[in-house]
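Have a look along with me.

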Amino acid sequence: MQEIILIKYGEIILKGLNRHIFEDRLVSNIRKAVGDGARVYKSRATIYAEPQEGADVDALIQKILHVFGIVYAVRAAVCEKDLKTIGEKVLSYINLTGKKTFKVETKRADKTFPLKSPEISAEIGGIILEKYPHLAVDVRNPEITVNVEIREAGAYIYADKIRGQGGMPTGSAGKVMLLLSGGIDSPVAGYMMARRGTVMDAVHFFSPPFTSEKAKEKVLDLARILARYTGGMRVHIVPFTKQQLQMKAKCPAEHLTILMRRMMMQIACRIAAESGAGAVVTGESLGQVASQTLEAIGVTDACATMPCFRPLIGMDKEDIIAVARRIGSFETSILPYEDCCTIFVPKHPTTKPRIEKILESEALIDVEGLIQKAIEETVHIDV
């Protein structure tokens, strides 16, 4: 039986004269995802993936569904544009056993077909009822919807629509640099920014011996999970032990968290600029911890040399966890390995820092030297 994967997209349709640019990018990303497993092409707001002989269609669909920009994908049977043939194919391809209610939806893209969409649906519904007289038509809440699409190249029959990631195609919105910790929040923030079409690299701050090799590998595992959606990324592992120890030895304890965040921001911005990124991304949510108050965020951003996006800023923890579970990062994020952001947390961190006081504390250390040292010792890993 000849089968095909029909791929539908949504927001791209609104792009007007630039629409073809986004469509071409999406087609390219799908081709990259499926490799030699399918021939991919577009026609009339639909992308088609024709599986190669012997290809695992279900595996292809799973790869396709990880590509940003896709609203849903369906596994469809292909047949001739003849009403009798379509009816026979529906009966052989769609499993109606055990169902009680159904409806037929038809899209007639080929206007030369002699029957209109409602007439096709009525005819196919009659064929179904003839074989399955126990079924009832329910146009509002059916157990199963039989979909028929009449297009120039043929007729397509399917039942199940599988939701995709939505969003915009990767590579259509520039490049960003994610500050990736080992926690729950930052992978979700990365996913949400990548879903808007950004190419993404990541920066991770690593503080041996206070943080272990297992903690670093956990972060790389999180990057690999994100790479399923982004098509790959480079992770910049920044050694941060000397920097933290000098801040701890010379600066007021209540300022350590803010000082650390400011240095991280400056390092991330420089690495981002060198890699061609135009913004940095963090997993901060307003009020979640001491460094995420309005005042603390303002003081941190004061040293940034490019925009800092915080896609989780208005989300609560349960919302973030729900996304983490859906994208597959939650179980890795909760593994009990150390994070450099938590090992030097003071007992009473300031929650309303004043920029002039923080600058006084920074004057006690060699900020520029520490930043340059960290960048020179950074290790780059492609996942």
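**Before starting.** I noted that this is a predicted model, in which local features need pLDDT of at least 70 and side-chain atom pairs count only at pLDDT 80 or more, while totals for chains, interfaces and linings use all residues. Residues are numbered from 1 along each chain as its sequence is written, and side-chain values use heavy atoms, with hydrogens and water left out.

**Entry 1: strand β1.** I took helices (H or I, at least four residues) and strands (E, at least two) as DSSP runs, numbered from the N terminus. I also wrote down that buried means under 20% relative accessible area, exposed over 50%, and partly exposed in between (1.4 Å probe, protein chains only). Is β1 buried or exposed? Six of the six residues of β1 (residues 3–8) are buried, so the strand is largely enclosed by the rest of the structure. I saw E3, I5 and I7 pointing one way, with I4, L6 and K8 pointing the other way.

**Entry 2: partners of β1.** Two strands pair if DSSP finds at least two bridges between them. I found β1 paired with β4 (residues 72–79) in the antiparallel sense over six bridges, and I4 stands opposite A76 there. Four bridges join β1 to β3 (residues 46–51), also antiparallel; on that side, K8 stands opposite T46.

**Entry 3: R39.** I found R39 in strand β2 (residues 38–43). At 43% relative accessibility, R39 counts as partly exposed. Contact means heavy atoms within 4.5 Å. Leaving aside neighbours within four places in sequence, R39 is in contact with Y48, A49, E50 and Q52.

**Entry 4: nonpolar cores.** A nonpolar core is a set of buried Ala, Val, Leu, Ile, Met, Phe, Trp, Tyr and Cys residues joined through side-chain atoms within 4.5 Å. The largest one has 34 residues, and F205, F240, M247, M263, I267 and V280 touch the most other members. The largest share of this core, 12 residues, comes from α8.

Entry 5: On a 1 Å grid over the protein atoms alone, a cavity is a set of points where a 1.4 Å probe fits but cannot get out; a pocket is an open set with protein on both sides within 12 Å along at least five of seven lines; lining residues have an atom within 4 Å of a point. Grid points are joined across faces, edges and corners, and a volume is the space filled by probe spheres set on the points. How many cavities of 30 Å³ or more are there? I counted two. The largest cavity holds about 60 Å³ of space, and its lining includes Q244, M247, K248 and F344. Both α7 (241–250) and α8 supply at least two residues of that lining.

**Entry 6: the second largest pocket.** This pocket has about 350 Å³ of space. I found 20 residues lining the pocket, with N29, K32, Y229, T230 and G231 nearest its centre. The largest share of the lining, four residues, comes from α1.
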